[in-house]
Amino acid sequence: MAEHPRADHQVRASGEDREHAAERLRTAAAMGWIELAELDRRLTEIYEAKTRGELERAGRDLPEPGRTDTLVVEDAPSSRFAVSVFGWFTRQGQWVAPREFTSLSMFGGGEIDLRDARFTDREIRIRVFALWGYTEVVVPDDVEVEVKGFGLFGGFGRGAARRKRGAPRIVISGLALFGGVGTRAKPARQTP
């Protein structure tokens, strides 16, 4: 027997429900959808709400934040650099990318995959140095990307470069000396 769709509105709100609703409001304020005075009023509604229906009313006219609206977090970076000498490194999965990340591949290679990463800032810089080696940088396809590296007797790919106004920004720079740096965009694998 199916539950009546309105029955969920009468269910008591949990602390987790309240925090999710409050985070949605904070994201809306950060995006400029609501002003700080309205944020304060709506947060009061959320923390006084008894049911899920009351929580829903506090965010009634706000769009659900998209994936790129929640990419920037206040967490500490997972790592700031990666090195491979006669070997291979991989930085992928769920991690927090710092404002500046540097990699060095010498007679080796590596992969920096940002599809599931969160960022510490709206703009992050990835510096890649491939000396007689190869590094690939994979970026999510819903962010702005600028590639401005240099290849000397090597190649620095610009396959991921594109403009996506309003989204977080990744700047990829560096040097490929007798080696290569590849860049490509792929769909993000997860939602926050």
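The model is a predicted one, and everything below is read from its coordinates.

Helix α2 is a handy place to start. It runs over residues 36-48, and its 13 residues reach 18 Å from the first C-alpha to the last, close to the 18 Å expected at 1.5 Å a residue. Four of the residues in α2, namely Leu39, Arg42, Leu43 and Ile46, are buried. Looking down the axis of α2, the buried residues fall within an arc of 110°, so they line one face of the helix. On the face turned away from the buried side sit the exposed residues Ala37, Asp40 and Glu48.

Glutamate 45 also belongs to α2, and its burial is in between: its relative accessibility is 27%, which is why glutamate 45 counts as partly exposed. Setting aside residues up to four places away in sequence, glutamate 45 touches Ala58 and Arg60. Arginine 118, by contrast, is 73 residues from glutamate 45 in sequence and 30 Å from it in space, C-alpha to C-alpha.

Next come the strands, with β5 (residues 109-113) as the entry point. This strand is mostly covered, with five of its five residues buried. Gly109, Glu111 and Asp113 point one way from β5, while Gly110 and Ile112 point the other way, and all are buried. Strand β2 (residues 88-91) runs parallel to β5 and is joined to it by four bridges; within that pairing, arginine 91 has isoleucine 112 as its bridge partner. β5 also pairs with strand β8 (residues 134-140), again in the parallel sense, over five bridges. Here glutamate 111 stands opposite glutamate 136 in β8.

Strand β7 has pairings of its own. Seven bridges link β4 and β7 in the parallel sense, and phenylalanine 101 has isoleucine 126 of β7 as its bridge partner. β7 is also joined to β12 by nine bridges, and these two run parallel. In β12, serine 173 is the residue that stands opposite arginine 127.

Several of these residues turn up again in the largest nonpolar core, which has 25 residues; Ile112, Leu114, Phe119, Ile126, Val139, Ile170 and Ile172 have the most contacts inside it. The elements that give two or more residues to this core are β7 (123-131), β8, β9 (144-147) and β12 (169-177). Of these, β7 gives the most, with four residues. Isoleucine 170 shows what the packing looks like up close: leaving aside neighbours within four places in sequence, isoleucine 170 is in contact with Leu114, Phe119, Ile124, Ile126, Val139, Pro140, Val143, Glu144, Val145 and Glu146. Apart from this core lies another, of 14 residues, and Ala22, Leu25, Ala29 and Ile34 are among them. As a general point, nonpolar side chains in soluble globular proteins tend to be buried together.

A search of the whole structure turns up five aromatic pairs. One of them, phenylalanine 107 with tryptophan 132, is stacked, at 5.5 Å centre to centre and 10° between the planes. Phenylalanine 107 is in the loop between β4 (100-106) and β5 and tryptophan 132 in the loop between β7 and β8, so the pair ties together parts that are 25 residues apart in sequence. Phenylalanine 107 counts as partly exposed because its relative accessibility is 41%, and tryptophan 132 is partly exposed too, with a relative accessible area of 40%.

Tryptophan 132 forms a stacked pair with phenylalanine 178 as well, at 5.5 Å centre to centre and 5° between the planes. Since phenylalanine 178 is in the loop between β12 and β13 (180-186) and tryptophan 132 in the one between β7 and β8, this pair ties together parts that are 46 residues apart in sequence. Phenylalanine 178 is partly exposed, with a relative accessible area of 43%. Taken as a group, Phe86, Phe107, Trp132, Phe153 and Phe178 are linked by ring pairs into a cluster.

Definitions and conventions: Residues numbered from 1 in each chain as written. Predicted model: local features only at pLDDT ≥ 70, side-chain atom pairs only at ≥ 80, totals over all residues. Heavy atoms only, no water. Buried < 20%, exposed > 50% of the residue type's maximum accessible area, 1.4 Å probe, protein only. Contact = heavy atoms within 4.5 Å. Pairing = 2+ DSSP bridges. Expected span 1.5 Å × (residues − 1). Arc of directions from axis to C-beta. Core = buried A, V, L, I, M, F, W, Y, C linked by side-chain atoms within 4.5 Å. Phe/Tyr/Trp six-rings, centres within 6.5 Å; stacked < 30°, edge-to-face > 60°.
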